[in-house]
Every structure is written in C-alpha cells, then in structure tokens.
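Hello,

Here is the structure I said I would pass on. My notes on it follow below.

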Amino acid sequence: MAALEKIRSKSVMLLIVIGVALLAFIIGDFLNSGRSFFGAGTTVAKVDGEKISIIDFQKRYEEQNQRLQESNQKVDPALVQNQVLNQMINEQLLKEELDALCLTVSDAEITEAMTGETANYQVIQFAQQLGMESPAQLHEFIFNPGKFKATEADVAPVREQWLKLEEQTIQQLKAGKLGNLITGAIQANKLDKAALLAENNDGASVEIVNEQYASLKDDEFKVTDEELKARYDKEKQQYKIDQELRKIHFISVDIVPNDKDLAEAKAVFDKVEAALRGNVGLDAARNIGEASINQKTVRFSDVFGAQKTFLEAAAVEDVSAPTFEGYTHKVTKLLAKKNDVDSVRVDMIQVQGAKKVQDSVLNLLNSGKPFAEVVDNKVAVGQENQWMNLMQIGNEDKAQEAKAKILAAAGDYFVVDSNENAALIYKVHEKVAPKAMFDIAEVSYTVYPSDETIDGLRTNLQDYINTNNTGKKFIDNATAKGYTAMEATVAADMAQINRIESTRKEIQWAFGAEIGSVSPIFDKEGNDKMIALTLDEVIPAGYMPLSDPSVKANIERLVRNDKKAESLIAKYKGKANSIPAYAQLMKQKVDTITVNFAQDFIPGIGMESVLSAQAPYAKENTIQGPVKGDQGVFVYKVVKKEKAASTLSDDVIDQRFAGQFGGSVVSQLFFDILKEGKTIKNNLIDFY
C-alpha cells in the first residue's frame, strides 16, 4: 500500500514524463516522415501538372524488376527505378504531344496490329506464352470464352493484359505516325544537297606550320578575376543546369579481408590442396567442407592460359599449381582423360499429348512422312538439322542417360525422354569425330572479411567521423588517417555517386543535409563498401558558378589561350614570306595535310574548326595567317584544291542530311525536344 500511495503522489510527474515521451515520439515520427506531410505525398513525378502516382510507378518498377530477375540480371535497384520513372515521364510527354496533334488510329489499323499478319511482336509473344496458335485465336478466347468452354472468371485477367497491350499498341502506332511526320517535314532541298556535297567533296591539300598553346608556359600569362568574369559571362550558356546540384566529399572504405583473414584462409586452402594431392578423387577435399568444387568436362578449346598448360602435360590425379586472384584461391585436379563426341546434328521434336499421341508421331516420322507435315504446331513442335552441343548436357543421371541414347542412335527417330503427357523425340543425322576431353574439378576458396574485420573497419571510420565532425576537418584530415576524401557532384535524380553501386541513400542524405555536416556510415547497402560523406555546397538550378573548379579551370584556359594567341600572332605576323621560313621562325616542322569542311578531326593537328572552315575556300599558293586556332596558332598555304574521286549519290546525301540535321537527329533528341518549355518535377528522392 505504501508503494501504491507513493506512485499516486507522483502521478502528476508521471503524466508529464509520459506526455513528454509521447510528444518526442510524435515529433520524431513527424520529422522522419516530414516529406510525406510537406513533400511529394503520393506523387513520384509531375509532368506539366499531370501526376505520376507512386502506386503506378511501384507497379511498373516491380514488373521491370521481375523481368530482370527472370533473365538473371542483377542491377542496382536505384538504376532500375530511374529507368522506369524516366520511361513513364517520356510516355506522358509523348501522350501530350500526340493529343496536341490530334493523331488518331483507325479500327482497321488497331485490328491489324493486334491480330493481323503483321501483329505487334509483343502480342504474338503473349499469345504463344498462353499456348495459342495466333493473336487472333487469343482474341477469340478472350472475347468468346464459351467457345473454349471457359468462364468469364477464367479470361478476366487475360483480358486485362490484352487491353493494356492494345493501349500500348495504339500509342506505338500514333508514335510511328508522328515519326513519319517529322521525317517527312525535314528533308534536304537542292541547296542542302549542294552544300553537303561540297563539304564532303571539296577539299584542299595544305602545308601548315602550327605552334600549340601548350608549348608556352602558363605562368607567363596571368589571368585576372575581371577577365575570368567577362569570359564566363560570354560562355555562361554552356554551363546551364536544369536542377539543383550538391557538391560533396566522400570517404569510401572497401570491406575486404585483412592480413589475418588472408592468413587463416591460406591455412584452410593448404589443407584442401594437400587433401587433393594426397588422395584419389575428391572425397577427402569434400570432407574439409570449406572449398567449392566444380566438376566438368572440357576440351582444349574450352580452357586457356595456365589451365591449358597444366592439362597438356598432366597425368590423371595431378593437381595444378595454386593461384590466388580476386581474393580467391584456385587449383584444378585432373580426374580422367577420354575421347568423346562433343556435338551432333539432330532433328528435335517435342510432342504434347498422351502415350498414344506420342507413339503416333514417332511412327509417322519413322514411316517417312515429311518432317514439316508432322511438326504442325498442334501436338508437335520442333526443328530440323540443328547442331547440338553435348558438352552442355548436365552430369545428372537422367541427363547422362539421354546423352547415351543420342550417341547410340542408329538413324531412326527415337524417344529421348517422356512421361504421360509429353515426349522428346530425336533423330541423329551426324556425329563429329571423337576428340580429347578431360574430366576436371575446379576447386576454389574465396576469402571473405571476418566479422571482426568488418567491425574494426566500421569502428575506425566511426572514430574518424566523431573526431572530424565538420566538413573541413572531414576533408583536410583524411589523408593523415589513411583515407581519401573524394569529390563528387550529385543531382536528386541520380542513382549513384561516381558509378558506385547502391549509393542512392547517400545522395538522399546529401539532399536533406546542411552544408558542412557529416553523415553517418552507410554500409550493408548491397555493395562491399562503407561510405561517409559531407555536404560542401548547394548549387541552385540555373548555371554552374565560376567558383566551381572545373568551370574556372576551363574559363581560365580559354582566357589564357587568347593571351597566348595574341602574343604568338604579334611575334610572327609579317616576319616571313614562305611556309619554310615560318617553320624556321617558329621552330616547328611543316606538315602536309588534306582538309575538307566536313572534318571534325584533322590527323596530326587535332580539333581545329577554323582550319576546317577556311582551308577549302582559301586562295591557292597564298600564305594565310598567323591564324588563331582552337589548339594553337598556325600559318598555312593551300597547295591545291581537290575534289573527292567519288561523288555521293542522292540517297547517301539524304542519309547524311538526316543523320546531321534531319529525322535521325530529331529522333535521338526527341524527348529532350519535348521537354523544352515543360515543367517536370521528379520526386523520386522523396521515396527512395
């Protein structure tokens, strides 16, 4: 009772404590989910006011992810998310354009694209996946299910997919019409063709003396802040950015084995190797249980390098010299040598049906009925005269039984494998000559960092962050502690930092951080790294500032090259009256080159737009220059005007025009063009 009275006497204090705890919980949850309150909500992107919902996006992402998994592709999820969202944004841009142009597709066009002879390939695939002979049969099944003794419930999910495919096909047909409109609208006229022909055919043989800007010392040509600012303003448009950027420095620690891990692994692998060398077969090595053993049969043509050298001289039960690469120890043991057939030419038929149907197909084939008449896609499908690689047959008992049947075949069709509902029938036409083969075991042991090693790496990095918890310290003290603080610039729609896999969360942190703050450690993110970062600078959308090191370096180079050009031209102008004399004066060699207007790169000179533009039209045997170029100052003389030996045909000119100015260029830049003047908001960073 005394205890209860004591609690009652403190009830007000308890309520205050509980209230504070609840308030802290609510505020913490509010801050953690603040983006949902004030940010994107359920809108993952917005295109000119049209919303793309997170639900629609997530569905598309999961579909794409499923396809990647089915094809055994491992891709950074952030890259897939970016790809899917960009595709959805482009689809919305295309829809707006098609709607604005009022492009339509007729019922006949839709019918042909869905069920006709030239049906959309995706529709054909869909029909085949469902076991239908054609898209037309699938359409009949969906919209007349009773004919197939199916119910509405049976066809409902298939109909949904069909209608979705139909919608996509309509958009594709409209897009195709838009493409035709663009291609038809941008065609080369007579003047365009004449100009292209001249650019490609009119050339000049040129003698040139060139002094590169790089040959002059930079410190002899000082650049002022005023000069930098003036040139930056002139070149500013080149540095336009459409979205906010954030500059960061980051430390990346590879999670790899240390010396202790390597030594312990070496001791284990030494035991495995000793077991392989001291015992027949593989059982002794398997009993150690640490190594991976891959048994296979190979030919000389299947192996390379040290493994090939080993097999050329090895006796059965020999073990190769061990190798260590990429934290993996490896040896090869030769288990057997033999001569065997590695490939055969066969007919392959798959029969769907009961034993009676299987026997009927087999009898028809062996009675001489033409292959094409038997394999009619109703109960049997197959291919004639296909080379089959027997090396790809597995080591399972059933697979080896099938291989034995194939090698023993004597010319008739035979059943390789069957059950109550299906059979696989082969006929062997040809077997290649037996060749030398080797049964080998590739034994490997990969070294991974121990938990102790990983904890040590994390502790050391955390200690560094704790001691260097401001941006300046984080960057300045990295080298002294054995780290490298690397620089990067990131945007909200980027998936990775400097192409490092699974670094999306680090980018997300950067866009929620204050300048000078230091992040926690990011690890266990699907890569083999521990990463910490600091936010250096926020660059608003508009233009990269002159303060950016890369921008400043480029502008400074341009200003300095202007000064170098001015100095070189003043030094050489009017001081000689022949190319050899200029060469002696400039202490450079004379080059003889051929130049035409269409050239981007001049062999021996490099990118020199001024020379490409001037030389084909300059007066013959007249000294030109000194001329200020992109890479240096040059003096040249056109020795002879030339025309190309071959003349381009109209078709080739049309193709080149399309590739440089016409439909091909527009197609490549199509979605960039559609984005002009559009307001696109990408909120992906608010969700992932």
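Three strands form an open sheet in the order 14-5-15, and their pairing is antiparallel. Strand 14 (485–491) and strand 15 (529–539) are its edge strands, each pairing on one side only. On average, neighbouring strands of this sheet are turned by 30° against each other, direction ignored. Please keep in mind that this is a predicted model.

Strand 5 and strand 14 run antiparallel and are joined by seven bridges. Within that pairing, I248 stands opposite A488 of strand 14.

Strand 5 (residues 245–254) also holds R246. Is R246 buried or exposed? R246 counts as buried because its relative accessibility is 11%, and the cut-off for buried is under 20%. The side chain of R246 makes a polar contact of 2.8 Å with the side chain of E244. A polar atom of the R246 side chain also lies 3.0 Å from the backbone oxygen of A510. Leaving aside residues up to four places away in sequence, R246 touches A488, T489, V490, A510, F511, G512, A513, L535, E537 and V538.

Another open sheet has four strands in the order 6-13-8-7, with antiparallel pairing.

Strand 6 runs antiparallel to strand 13 (residues 435–446), and seven bridges join the two. N294 has E442 of strand 13 opposite it. Helix 12 (residues 259–278) packs on this sheet, where it touches strand 7, strand 8 (328–340) and strand 13. The direction of helix 12 makes about 20° with that of strand 8.

**The hairpin of strands 1 and 2**

Strand 1 and strand 2 (residues 50–53) run antiparallel and are joined by four bridges. T43 has S53 in strand 2 as its bridge partner. The two strands form a hairpin with two residues between them.

Which residue in the turn has a positive phi? The residue is D48, at about 50°, although D48 is not a glycine. D48 sits in the loop between strand 1 and strand 2. With 35% relative accessibility, D48 counts as partly exposed.

N72 is another non-glycine residue with a positive phi, near 60°. The loop between helix 4 and helix 5 is where N72 lies. N72 is exposed, because its relative accessible area is 73% and the cut-off for exposed is over 50%.

**Nonpolar cores**

How many residues does the largest nonpolar core have? The count is 23, and V44, I52, F57, L85, I89 and L178 are those with the most contacts inside the core. Two or more residues each come from strand 1 (43–47), helix 4 (54–70), helix 5 (77–101), helix 9 (152–185) and helix 26 (670–675). Helix 5 gives the most to this core, with eight residues.

I52 touches T42, T43, V44, A45, V47, L85, M88 and I89, not counting residues up to four places away in sequence. Apart from this core lies another, of 17 residues, and V490, I497, A510 and F511 are among them. Of those four, V490, A510 and F511 are also among the residues that R246 touches.

**Helix 21**

Helix 21 (residues 549–572) has 24 residues. From its first C-alpha to its last, helix 21 reaches 34 Å, close to the 34 Å expected at 1.5 Å a residue. Its buried residues are V551, I555, L558, V559, R560, N561, K564, A565, L568 and Y572. An α-helix has 3.6 residues a turn, so residues three or four places apart point the same way.

R560, which lies in helix 21, has a relative accessibility of 13% and therefore counts as buried. R560 touches D218, F221 and V223, again not counting residues up to four places away in sequence. After helix 21 comes G574, whose phi is positive, near 75°.

**A cis peptide bond**

The last item is the bond between G625 and P626, a cis peptide bond with omega of about 10°. P626 is part of strand 18 (residues 623–628).

Regards

Definitions and conventions: Residues numbered from 1 in each chain as written. Predicted model: local features only at pLDDT ≥ 70, side-chain atom pairs only at ≥ 80, totals over all residues. Heavy atoms only, no water. Pairing = 2+ DSSP bridges. Contact = heavy atoms within 4.5 Å. Axes fitted to C-alpha atoms, helices over the stretch in contact; angles between N-to-C directions. Core = buried A, V, L, I, M, F, W, Y, C linked by side-chain atoms within 4.5 Å. Buried < 20%, exposed > 50% of the residue type's maximum accessible area, 1.4 Å probe, protein only. Polar contact = N/O pair within 3.5 Å; in protein donor to acceptor, adjacent residues only side chain to side chain. Expected span 1.5 Å × (residues − 1).
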